Amino acid sequence: MYCESQPFTQRQRIIKVSPTCRDHSFVAIKILKGDSTSLHESGFFRELDALKAIAPEKGNMATTHCLRLFDGFKFKGKGRDGKHLSIVTEVLGPTVSQVRKELGEPFPIPFVKRMCRHILLGLARLHDKGIAHTGVSVRFPLETCSPFP
């Protein structure tokens, strides 16, 4: 099993894990700190609920242009750490900023059009489910590393 960990924010950590499954694909596990888990339980943090709402229907592997949720679970931390909510999703690729920096030149117009189309389709999916995303940014991943379409 391969495991790579990196801090995401002060309240959470992202871990990239290779599970022992048939397709040998990686998953990302976002582990929230105890105080963020408490916010989720109080209804102030709704990421898991939103990911469940936008998930494709059973048996439908078509893209939703949104992050794919595989699982969500809580586990007890050590000592006074409390409970930790963990969200298991597909692994995301580099951010728009990272791709732009590596490319070293402006994106080609057809690429920009395609990227904007997919972002808008993802936002439309969110809005259709009654969810508003408040932080669309170049700091967010551009693509998934998922084997799914």
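A salt bridge is here a side-chain nitrogen of Lys or Arg within 4 Å of a carboxyl oxygen of Asp or Glu, and by this rule the count comes to four salt bridges. One of them joins Lys30 and Glu47, whose closest N and O atoms are 2.7 Å apart. This is a predicted model, in which local features need pLDDT of at least 70 and side-chain atom pairs count only at pLDDT 80 or more, while totals for chains, interfaces and linings use all residues. Residues are numbered from 1 along each chain as its sequence is written, and side-chain values use heavy atoms, with hydrogens and water left out.

**The pair Lys30 and Glu47**

- The salt bridge between Lys30 and Glu47, at 2.7 Å between the closest N and O atoms, links distant parts of the chain, with Lys30 in strand S3 (residues 27-32) and Glu47 in helix H2 (residues 47-54), 17 residues apart.
- Helices (H or I, at least four residues) and strands (E, at least two) are DSSP runs, numbered from the N terminus.
- Lys30 is buried, with a relative accessible area of 12%, whereas Glu47 is partly exposed at 22% relative accessibility; buried means under 20% relative accessible area, exposed over 50%, and partly exposed in between (1.4 Å probe, protein chains only).

**The network around Glu41**

- Glu41, Lys74 and Lys83 are linked in a network of salt bridges.

**Cysteines and disulfides**

- A disulfide is a covalent bond between the sulfur atoms of two cysteines.
- Taking a disulfide as a pair of cysteine sulfur atoms within 2.5 Å, the structure holds zero disulfides.
- Cys66 counts as buried at 17% relative accessibility, whereas Cys116 is partly exposed, with a relative accessible area of 36%.
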